[in-house]
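Please read this briefing alongside the sequence and the 3D view. It goes from a single contact to the overall fold, and then to selected side chains.

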Amino acid sequence: MEDSGMSAVSSVAEPQVQARAAGIAYLITIAAGMFAEVYVRGSVRSGDPVATAEHLRQLESLYRLGVLADGVMLISYVVVTAMLYALFKPVNAALSMLAALFSAIGIAMLTSAMAILLLPLVLQGSSIAFEALRVHGATYGLTGLFFGPYCVLIGWLALRSGWLPSWIGWLMMIAGVAFVLDASVELAAPAIARRIPDAVMLISLLAEGALAIWLAVFGVRPTSRRE
């Protein structure tokens, strides 16, 4: 009886640990990514190559910190991917694996893009920083083709499991569609993409932020966990 009781407690505790680990890692991912992309590169980036180079010269230490933050973001995202795969595997093992693979491709793309950010630090030239940030930004946007399906699948798994509020699952699915549409339009019709308000991508921040906070604070509903 004692062994069966311990087993029951362990089966309940395991998804809670996975959920909270995913939530905390997700919050770190979002915070580090926002710091690097919005604050650091937003401070350096300019519409003029000479101005961008000057900003980088003045803010080189901050720029380097931003690259480090990218590394922290990607390490945390690996943890998120692994924990969510383990968490949702009992719901649908194939789709949970597929979601993890989509995420892994996006993470690999962002990891390779970190090398682009190093170019202005090792090469001289007034236009290097400007062009490097442009290429990095384009690569960042292209990852939506992979993070989009990831969000859709995680949203569907969350809905199917019943472990999380349904609105979080729907938000994740909507965010995933927004990711794919934004990346597709940016690639196929950049002139149209420039007319799309940046606020559209706030959907992803809202959805992923809500999922991260809920997992970190509340975990999942183990009593409704499907075996």
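With which residue does Glu 54 form a salt bridge? The partner is Arg 57, and the closest N and O atoms are 2.6 Å apart. The model is predicted.

**Overall fold**

- The protein chain has nine helices and zero strands.
- Along the sequence, the pattern reads α-α-α-α-α-α-α-α-α.
- Of the 227 residues in the protein chain, 41% count as buried.
- The protein chain exposes about 11,500 Å², and carbon and sulfur atoms supply 70% of that area.
- Among contacts with a separation of 6 or more, 79% come from residues 24 or more positions apart.

**Helix H5**

- Helix H5 covers residues 128-142 and has 15 residues, which at 1.5 Å a residue should span 21 Å.
- The buried residues of H5 are Ala 129, Phe 130, Ala 132, Leu 133, His 136 and Thr 139.

**Salt bridges**

- The count comes to six salt bridges.
- Glu 54 and Arg 57 are three residues apart in helix H2 (residues 49-58), so about one helical turn separates them.
- Glu 54 counts as partly exposed because its relative accessibility is 30%, whereas Arg 57 is exposed, with a relative accessible area of 57%.
- Arg 41 and Glu 37 also meet in a salt bridge, with an N to O distance of 2.8 Å.
- Both Arg 41 and Glu 37 lie in helix H1 (residues 2-44), four residues apart, or about one turn of the helix, and both are buried.
- Glu 131 counts as partly exposed at 37% relative accessibility, while Arg 134 counts as exposed at 53%.
- Salt bridges with shared partners join Glu 37, Arg 41, Arg 45 and Asp 70 into one network.

**Aromatic pairs**

- A search of the whole structure finds six aromatic pairs.
- In one of them, the ring centres of Trp 214 and Phe 218 are 4.5 Å apart and the planes lie at 45 degrees, so the pair is tilted.
- Trp 214 and Phe 218 are four residues apart in helix H9 (residues 202-218), which means about one helical turn between them.
- Trp 214 counts as partly exposed at 25% relative accessibility, and Phe 218 counts as partly exposed at 47%.
- Ring pairs also link Tyr 26, Tyr 77, Phe 147 and Tyr 150 into a cluster.

Methods: Residues numbered from 1 in each chain as written. Predicted model: local features only at pLDDT ≥ 70, side-chain atom pairs only at ≥ 80, totals over all residues. Heavy atoms only, no water. Phe/Tyr/Trp six-rings, centres within 6.5 Å; stacked < 30°, edge-to-face > 60°. Helix = DSSP H or I, 4+ residues; strand = E, 2+ residues; numbered from the N terminus. Buried < 20%, exposed > 50% of the residue type's maximum accessible area, 1.4 Å probe, protein only. Contact = heavy atoms within 4.5 Å. Areas by Shrake-Rupley, 256 points an atom, 1.4 Å probe, with all protein chains shown as cover. Expected span 1.5 Å × (residues − 1). Salt bridge = Lys/Arg side-chain N within 4 Å of Asp/Glu carboxyl O.
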